[in-house]
Amino acid sequence: MTAEQFVWAWIKSQFLMPKKILFVPENLYYDAMKQALDAHEKGLPAVQDKKRKKGKRRKKRTKTDGRKQPKKSRKRKEVDYD
């Protein structure tokens, strides 16, 4: 190891690299389920039921007279199994 490499290694170890490496674990599963777990502990339902909108669906009108047009059939590809 040359003196230049030694000096560079010493500078990295003293100034650039951290002296103490800290490991802080992240529990992603707990973070995702935290709301459901809190609700379970309180005795509430974990997932709120989705309320459906009450209303009539609008029918599509293709022409001004209000009648639906029949769907066009697609041509089928012919296949030879020889």
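Modeller: Start with Leu16, which lies in helix 1 (residues 3-16). Keep in mind that this is a predicted model.

Biologist: Why is Leu16 called exposed?

Modeller: Its relative accessible area is 57%. Exposed means over 50%, so Leu16 is exposed.

Biologist: Which patch does Leu16 belong to?

Modeller: A nonpolar patch on the surface, formed by Met1, Phe6, Val7, Trp8, Trp10, Phe15, Leu16 and Met17. Together these residues have about 1,000 Å² of accessible area.

Biologist: How many aromatic pairs does the structure hold?

Modeller: One. The rings are those of Trp10 and Phe15.

Biologist: What makes Trp10 and Phe15 a pair, and why is the pair called edge-to-face?

Modeller: Ring centres must lie within 6.5 Å, and these are 5.9 Å apart. Planes over 60 degrees apart count as edge-to-face; the planes of Trp10 and Phe15 are at 90 degrees, so the pair is edge-to-face.

Biologist: Why does Trp10 count as partly exposed?

Modeller: The partly exposed class lies between under 20% for buried and over 50% for exposed. Trp10 has 45% relative accessibility, so Trp10 counts as partly exposed. Phe15, at 61%, counts as exposed.

Biologist: Turning to helix 2, how do you know that its span agrees with its number of residues?

Modeller: Helix 2 covers residues 28-42, which is 15 residues. At 1.5 Å a residue, helix 2 should span 21 Å. Its end C-alpha atoms are 22 Å apart, which agrees.

Biologist: Where does helix 2 bend, and by how much?

Modeller: At Lys34, by about 55 degrees. Just after helix 2, Gly43 takes a positive phi of about 90 degrees.

Biologist: What makes you call helix 2 hardly covered?

Modeller: The count of buried residues among its 15 residues is one. Buried means under 20% relative accessible area.

Biologist: And what are the totals for the chain?

Modeller: The secondary structure comes to two helices and zero strands. Of the 82 residues, 1% count as buried. The accessible surface is about 10,500 Å², with 54% belonging to carbon and sulfur atoms.

Terms used:
Residues numbered from 1 in each chain as written. Predicted model: local features only at pLDDT ≥ 70, side-chain atom pairs only at ≥ 80, totals over all residues. Heavy atoms only, no water. Helix = DSSP H or I, 4+ residues; strand = E, 2+ residues; numbered from the N terminus. Buried < 20%, exposed > 50% of the residue type's maximum accessible area, 1.4 Å probe, protein only. Areas by Shrake-Rupley, 256 points an atom, 1.4 Å probe, with all protein chains shown as cover. Phe/Tyr/Trp six-rings, centres within 6.5 Å; stacked < 30°, edge-to-face > 60°. Expected span 1.5 Å × (residues − 1). Bend = angle between axes of the 7 residues up to and from the residue. Patch = residues over 30% accessible without salt bridge, like charges linked within 9 Å, V, L, I, M, F, W, Y side chains within 5 Å. Salt bridge = Lys/Arg side-chain N within 4 Å of Asp/Glu carboxyl O.
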